[in-house]
Amino acid sequence: MNSIYASRRRSDKIIKVLCYAAAIFGVGWLCLILYTLLVNGLVGLHPRIFTQMTPPPGVQDGGLLNAIVGSLIMTSIGVAIGTPLGLFAGTWLAEYGRYSKLTGVIRFVNDILLSAPSIIIGLFVYGAIVVPMGGFSGIAGSIALAVIVIPVVVRTTEDMLNLVPNHLREAASALGMPRAYVITKVSYSAARAGLITGVLLATARVAGETAPLLFTALSNQFWSVNLTSTMANLPVTINNFVNNPDPNWKQLAWTGALLITVTVLSLNIIARTLGAERKPK
Amino acid sequence: MTDMALEPARAAAEPAFDRARALSAFKLGDRTFYWVTRVSALFVLIILGGIILSLIIGAWPAIRTYGFDFLFTQRWAPSLQPTPILGALGPIYGTIVTSLIAMAIAIPVGLGIAIFLTELCPMPLRQPIAVAIELLAGIPSIIYGMWGFFVLGPFLADHFEPAIVSAFENVPILNTIFQGPASNLSLFNASLVLSIMILPFITAISRDVFATVPPVLKEAAYGVGCTTWEVVRNVVLPYTRVGVIGGVMLALGRALGETMAVTFIIGNSFKISGSLFAPGTTISAAIASEFAESDGLHQSALILLGLLLFVLTFCVLTAARLMLRRLERKAGA
């Protein structure tokens, strides 16, 4: 009897130790990455990063201004295109088509798009936009990002609208409001925080996307705000700088990586706090 | 109350308005909104259709030229005249090997962390650690790739790989798998970075799935004297099996298609080598590093690679979603 207890206790101990080890190993490893990023990125953080263009190889100084501006432009346009489409699609799934067969199909396809490799999105936009337009362009990059934004927004919109209690809709309908007004005035207001969370999460997701921009927006060494030509952007600039032995470029790549990570993390944290605010009520 | 009493009075004071016109404007707005949302919803299907269609059109020249041989040819010679010889065997091999190794490392560690978080961790620490891990899942993959290139790769090449190579020097089979020379760029390094990248992902999903176990079941098991491990093995894991497998497949889908975490450190070599410490390539790495400068048949072959990757991830993701949906239904019932 005692030996059974002992062996049960022993296997329990072993597994517990392994679980602790896994937690320390995993969390430690991830902390190490953040730490390296912080140390290497902060060294190069200097006001000129935000005021100067990316330097040619072998030149000291220089910043990331054109890449930062390009990234801001493309991310904003991508989110601006993707958000309404995703919002309306999610609205249809949750409000009009909740019991339709089509909804199941669309939801499934949306889930596939949500986790499809982003480089495939790049290939798609290359075939659908870059080739017909005759060259790499900032607008193609924005559209690639929009294609990534849409499934994220669809998913959160549907989830959030499904949480809105039905009696709110019923009350509004009973007052004679048409369906569209019930949705825009009642459902949207009730789910507002959740909807904003979804858009923020989508922005965070595309802010660091590199693969879909590699051959849609390409990148650019110079100041570029023309949407119909190649456009500088932070992720692809980092990609190009990492692949080059120039030490100044390496430093700029680290700093750029730090900027991206800080942006993505703060967007995620804002989205989280917004989403959590609803719960205590 | 006073507000409500005043309301009809104010309405009566306003000039009479055309009721029919207001109603028809309402109706028009209603119809328009319905169709706008409906078309947007269908747009999701159009995107998927567009992706498949554009990949097939782009890949068509390569499909016609190489046919099924494409899958079994190792040689990748895009500049050969008059027709380049292109085969997908190298990238397919690299994709599968790196994903499998990454999963082999990330699944036990990820599940271990999830068990730690749901069963062992002191209560006040649970939420912060879980949130931290979910935040880490959102970090762009290029950061992981960069870190692997600058930090992990050199470290492994200097300290880890030579030791492994000499340790298995005289063991058959293993001495082929772990063959030198140590290099910053190798399949093994790429797999390791990949595993670190999908780790938060697996942890977050398994934790969510473990949370669906009704506390009553666990309490009952603890009540009859089960140890923590016995509760996990006999209650938590059987109850959540479908969900855990679904989450793991979702992570596999991500690992298969991951681009930026591997491109820097895999070495981009299309030659298949028995050694894990030799450079290789994956489908996405090959596309990422060659596509922008490719044309003609070479470009078409790269798009065909993309199509293969899409089909592969589509199957894995479909299986994952079906399994997760089964768990959802169970939790809802």
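A:Leu218 counts as partly exposed, at 24% relative accessibility; that label covers the range between buried (under 20% relative accessible area) and exposed (over 50%), taken with a 1.4 Å probe and protein chains only. This is a predicted model, so local features need pLDDT of at least 70 and side-chain atom pairs count only at pLDDT 80 or more, while totals for chains, interfaces and linings use all residues. Residues are numbered from 1 along each chain as its sequence is written, chains are lettered from A and ligands numbered from 1 in the order in which they are written, and side-chain values use heavy atoms, with hydrogens and water left out.

Back to A:Leu218, which sits in the loop between helix H8 (192-207) and H9 of chain A. Helices here are DSSP runs of H or I with at least four residues, strands are runs of E with at least two, and both are numbered from the N terminus. A:Leu218 is not a glycine, yet its phi is positive, at about 55 degrees. B:Asn268 belongs to the loop between H11 and H12 of chain B and is partly exposed, at 29% relative accessibility.

The loop between H11 and H12 of chain B also holds B:Thr282, and this one is buried, with a relative accessible area of 3%. What is B:Thr282 in contact with, leaving aside its neighbours within four places in sequence? The partners are B:Pro91, B:Gly94, B:Thr95, B:Thr98, B:Val262 and B:Ile266, where contact means heavy atoms within 4.5 Å.

B:Val44, in helix H2 (residues 19-66) of chain B, is buried at 1% relative accessibility. Setting aside neighbours within four places in sequence, B:Val44 has contacts with A:Ala89, A:Ile106, A:Val109, A:Asn110, A:Leu113, A:Ile150 and A:Val154.

B:Ser141 is part of helix H6 (residues 141-167) of chain B and is buried, with a relative accessible area of 16%. A:Gly135 lies in the loop between helix H4 (118-133) and helix H5 (138-163) of chain A and is partly exposed, with a relative accessible area of 24%.

Next come the cysteines. How many disulfides does the structure hold over all chains? The count is 0, a disulfide being a pair of cysteine sulfur atoms within 2.5 Å. For B:Cys121, in no disulfide, the nearest cysteine sulfur is that of A:Cys19, 12 Å away. B:Cys121 is buried, at 2% relative accessibility. B:Cys226 is in no disulfide either, and the nearest cysteine sulfur, that of A:Cys19, is 16 Å away. B:Cys226 is partly exposed, at 24% relative accessible area.

As for open space, the second largest pocket takes up about 360 Å³. Among its 18 lining residues, those closest to the centre are A:Asn239, A:Asn240, A:Asn243, B:Ala288 and B:Ser289. On a 1 Å grid over the protein atoms alone, a pocket is an open set of points where a 1.4 Å probe fits, with protein on both sides within 12 Å along at least five of seven lines; lining residues have an atom within 4 Å of a point. Points are joined across faces, edges and corners, and the volume is the space filled by probe spheres set on them. Helix H9 (234-242) of chain A, plus helix H11 (260-263) and helix H12 (283-290) of chain B, each supply at least two lining residues.
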